[in-house]
Amino acid sequence: MDLVGDKWTLLIIRDLAAGPRRFVELQRVLPGISTEQLRSRLNRMVADGLLTRQRYREVPPRVDYELTERSRELIPVLGALARWGYDWTWSAPRPGEDVNVGAIFRLAPGLLEPPASLEGTVELIVEAEGDSPERQYLVTLGDGRAEVSEVGGEQPEATVRGTVAAWVRALGPEGSSDALAVSGRDALAGAVLDGFARARTRGGAVAAA
């Protein structure tokens, strides 16, 4: 708990699960953290061996932060916390609330348990709305595992697209994917969507048993 028990450490690990990010990118996906809080927490995580810091000789200067193997082993823990959140704390979005659907997608490695025989890459797209740009997430299945990336990767074999509201309906207790548009390999896209659904309902099924 000394290493990961503060308010921000696990959220930073979650938001680096899809690949390295710059300081300003972490600020964008972590609303509520001050510049000094983020700088201090990143420095501490580097010192604790949870992150690496890569400096590039560019103008303006660029610094990327990336997970170490030590922190990647916490992804299943984050997945378990997400399942607990699905079962006990999920509620309908409040008026004007900024819903971060990407926070769920980044936890794909800790939430999804695909069969070992299933392989392929699915692109999950959150459509642009207002000032929010379109966001793409690549979920790659293989060897019984799931990996996620926001920085590119293999050409997707299936694409699932929707608005934030459509994704909230699909990922929440309602579990309706009717408002999502699916193209490409339906079976592969369905496996990813079903994987999130199983993560959402597993706790309830256990409790019912």
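A salt bridge, as the term is used here, is a side-chain nitrogen of Lys or Arg within 4 Å of a carboxyl oxygen of Asp or Glu. Keep in mind that the model you are looking at is predicted. By this rule, the count comes to 13 salt bridges.

With a relative accessibility of 37%, Glu147 counts as partly exposed, while Arg145, at 51%, counts as exposed.

Now move along to Ser149, which is found in strand β6. Is Ser149 buried or exposed? Its relative accessibility is 14%, so Ser149 counts as buried. Beyond its neighbours within four places in sequence, Ser149 touches Ala18, Gln136, Tyr137 and Leu138.

Next comes Glu150, in the loop between β6 (145–149) and β7. Glu150 is partly exposed, with a relative accessible area of 25%. Which residues does Glu150 contact, leaving aside its neighbours within four places in sequence? They are Ala18, Arg21, Arg106, Gln136 and Tyr137. Ala17 is 133 residues away from Glu150 along the chain, yet their C-alpha atoms are separated by 9.4 Å.

Glu150 forms a salt bridge with Arg21, the closest N and O atoms being 2.5 Å apart. Because Arg21 lies in strand β1 (residues 21–22) and Glu150 in the loop between β6 and β7, this pair ties together parts that are 129 residues apart in sequence. Arg21 itself is buried, with a relative accessible area of 6%.

The other partner is Arg106, which forms a salt bridge with Glu150 at 2.7 Å between the closest N and O atoms. Arg106 sits in the loop between α6 (101–105) and α7 (108–111), and Glu150 in the loop between β6 and β7, so here the parts tied together are 44 residues apart in sequence. Arg106 counts as buried at 2% relative accessibility. Stepping back, Arg14, Asp15, Arg21, Arg106 and Glu150 are linked in a network of salt bridges.

Our last stop is strand β7 (residues 158–162). Why is β7 described as largely enclosed by the rest of the structure? The reason is that four of its five residues are buried. Strand β4 (residues 120–126) runs parallel to β7, and five bridges join them; here Val126 stands opposite Gly162 in β7. Strand β8 (residues 181–184) runs antiparallel to β7, joined by four bridges, and Ala158 has Gly184 in β8 as its bridge partner.

Key: Residues are numbered from 1 along each chain as its sequence is written. This is a predicted model: local features need pLDDT of at least 70, side-chain atom pairs count only at pLDDT 80 or more; totals for chains, interfaces and linings use all residues. Side-chain values use heavy atoms; hydrogens and water are left out. Buried means under 20% relative accessible area, exposed over 50%, partly exposed in between (1.4 Å probe, protein chains only). Helices (H or I, at least four residues) and strands (E, at least two) are DSSP runs, numbered from the N terminus. Two strands pair if DSSP finds at least two bridges between them. Contact means heavy atoms within 4.5 Å.
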